[in-house]
Amino acid sequence: MEPQEERETQVAAWLKKIFGDHPIPQYEVNPRTTEILHHLSERNRVRDRDVYLVIEDLKQKASEYKSEVFF
């Protein structure tokens with residue numbers, strides 16, 4: 001299990017990435033909120049990876065389709 005401070009740092013970095021130039025809403029930093037936000041950040045990372053894979057697959061299929069249609 002990761003140390004609490006490391007998770008807090010990861011959560012802060014994830015929130016900064018998500019909110020970009022907008023201010024991050026205030027939240028109480030405690031073990032419970034950190035655990036919840038860390039779990040959400042991990043789920044978000046996995047979802048982003050899955051979406052990336054689907055996009056790449058669709059690009060490949062579109063390329064294959066174009067090569068079949070034009071030749």
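What follows is a chat about some of the labels and the values behind them.

Modeller: This is a predicted model, where local features need pLDDT of at least 70, side-chain atom pairs count only at pLDDT 80 or more, and totals for chains, interfaces and linings use all residues. Residues are numbered from 1 along each chain as its sequence is written, and side-chain values use heavy atoms, with hydrogens and water left out.

Colleague: Why is Thr34 called buried?
Modeller: Buried means under 20% relative accessible area, exposed over 50%, and partly exposed in between (1.4 Å probe, protein chains only). Thr34 has 3% relative accessibility, so it counts as buried.

Colleague: And what does Thr34 touch?
Modeller: Leaving out residues up to four places away in sequence, Thr34 touches Gln4, Arg7, Glu8, Val11 and Val29; contact here means heavy atoms within 4.5 Å.

Colleague: What makes the Thr34 and Gln4 pair a polar contact?
Modeller: The term needs a pair of N or O atoms within 3.5 Å; within protein, one must be able to donate a hydrogen and the other to accept it, and residues adjacent in sequence count only if both atoms are side-chain atoms. The side chains of Thr34 and Gln4 are joined at 3.4 Å. Another such pair is Arg7 and Glu35, with a side-chain polar contact of 2.3 Å.

Colleague: Is Arg7 buried or exposed?
Modeller: Buried, because its relative accessibility is 10%. Arg7 lies in helix α1, while Thr34 sits in helix α2, residues 31-69. Helices (H or I, at least four residues) are DSSP runs, numbered from the N terminus.

Colleague: How do the axes of α1 and α2 cross?
Modeller: They come within 9 Å and cross at roughly 55°, with α1 spanning residues 4-19. That makes α1 oblique to α2: angles under 35 degrees count as roughly parallel, over 145 as roughly antiparallel, 65 to 115 as roughly perpendicular, and the rest as oblique. The axes are lines fitted to C-alpha atoms, for helices over the stretch in contact, with angles from 0 to 180 degrees between N-to-C directions.

Colleague: Why does Asp50 count as partly exposed, then?
Modeller: Asp50, also in α2, has 35% relative accessibility, so it is partly exposed.

Definitions and conventions. Helix = DSSP H or I, 4+ residues; strand = E, 2+ residues; numbered from the N terminus.
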